[in-house]
Amino acid sequence: MGTYLFRLPDVGEGVVEAEIVKWRVQPGDHVREDQDLVDVMTDKATVEMSAPLDGVVTAIHGEVGQMMAVGSVLVELEVEGAGNADAARPAPKAEAKPEPKPEPVKGDTKPAPKPVEQPKPQPAKAKAAAFTTRLAEDAPLAAPATRRRAHELGIPLQYVPGTGPGGRITPEDLDAYIAGGGAIPTGDARYTARDGVDETKIIGLRRKIAEKMQDSKRRIPHFTYVEECDLTELEALRQDLNENKQPDQPKLTLLPFFMRAVVRILPEFPHINSRYDDDAGVLHTYEGVHIGIATQTPNGLIVPVVRHAETRDLWDCAAELARVSKAARDGSASRDELSGSTITLTSLGPLGGIAATPVINHPEVAIIGPNKLVERPVVNGSFITVRRMMNLSSSFDHRIVDGYDAARFIQRLKRLLEHPALIFMD
């Protein structure tokens, strides 16, 4: 048998370190070749590291959330054959020589007294003394399910001794507290004070999102412009197209119309379809329109990219939008599908609210955020009529885009959205 050291490989693109986001094995596990060992996250994506051969895990190195350099040992495996490293064996300990027993004194027939055995310390049992509280600064720790059960029973966790790691209160502690005669306060449990604090380490994708948002806000002087749009005609067109679409055509949302409208007006504002390298002081302006779509996934906010939107009609925009969004949500999106956008659309759909201040997807210089579409009364000449209205929020990099140009850009976009036939006219 030998020891195989599995090291963090070089995944390319200048990556020198990666973050451990999930261990899939533990010491003692038998693993087969190509079985997943650990998930790591680089600046680009999450990568699953698999076993190069069969073996038994003898040790893992690094905790979840820890950054590991390329070449660092991640897993030690016991394998058939020599492996790729000599097993580090501790030097044998020298055998302790027995201490010489004292010779009995002549004439003394009494046996030597046996050493008194010290009693083994018994683990302290958690007492459920009623109203034994922690100090004010010692907030009780407990899992959400335990907190919910305590809340339903009307038991302030401040009074419950915890036997879990770090004094965490377990479900068994709640049972012991009740069985031991712990007092359940009378009255309405809805007004019971809750003092618990849960600690969650920010790791993996959530940490990457936090770093990217902080970097964007720190480096880019944002300014936001909000305009209202009457989308009554556009919504009527969308509904009609969906009712009469072919079976192989995707269902249309509002975003494909926004994509086509943006493509139509960007040639008039080429500097808005750009990425600004502020380290080099160079603005890269693109002829092709690669639209990022801010997408909420189970792991957090991800921006897949619809490439060359200028070459796609309305139905193709909808199909590609659905494809890359699904890939982002199920984790199958490639690196190319998650990078290279030149302008971003972000929408919360029915949750869109009245207005927003969207954060620019650095190093782009603009982001557009459709808000909630609602019916509301609008003054039309001397009449009041009900129209389908939407506020359109947008943010721009003030180093590249002047306020006047941003306003012109949004006003041109508004005109196309309010008169959707213009989107399809040459």
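Q: Where is Pro363 found?
A: Pro363 sits in the loop between β15 (343-346) and β16 (366-380). Strands here are DSSP runs of E with at least two residues, helices are runs of H or I with at least four, and both are numbered from the N terminus. This is a predicted model: local features need pLDDT of at least 70, side-chain atom pairs count only at pLDDT 80 or more, and totals for chains, interfaces and linings use all residues. Residues are numbered from 1 along each chain as its sequence is written, and side-chain values use heavy atoms, with hydrogens and water left out.

Q: What kind of peptide bond joins His362 and Pro363?
A: A cis peptide bond, with omega of about 10°.

Q: Why is Asp34 called exposed?
A: Exposed means over 50% relative accessible area, buried under 20%, and partly exposed in between (1.4 Å probe, protein chains only). Asp34 has 56%, so Asp34 is exposed. Asp34 lies in the loop between β3 (30-31) and β4. Its phi is near 75°, a positive value in a residue other than glycine.

Q: What makes His308 partly exposed?
A: Its relative accessibility is 39%, so His308 counts as partly exposed. His308 is found in the loop between β14 and α6. His308 also has a positive phi of about 50°, although it is not a glycine.

Q: How does the reach of α3 (residues 204-219) compare with the span expected?
A: The expected span is 1.5 Å times one less than the number of residues. Helix α3 has 16 residues, and 22 Å is expected. From first C-alpha to last, α3 reaches 23 Å, which is close.

Q: Which residues of α3 are buried?
A: They are Gly204, Lys208, Ile209, Asp215 and Ser216.

Q: Why can we say that the buried residues of α3 line one face of the helix?
A: The arc is that of the directions from the helix axis to the C-beta atoms. Seen down the axis of α3, the buried residues fall within an arc of 140°, so they line one face. On the other side, Gln214 and Arg218 are exposed.

Q: What do the buried residues of α3 pack against?
A: They pack against β2 (17-23), β4 (36-41), β9 (222-230) and β13 (300-302). Contact means heavy atoms within 4.5 Å.

Q: What follows just after α6?
A: Gly331 comes there, with a positive phi of about 80°.
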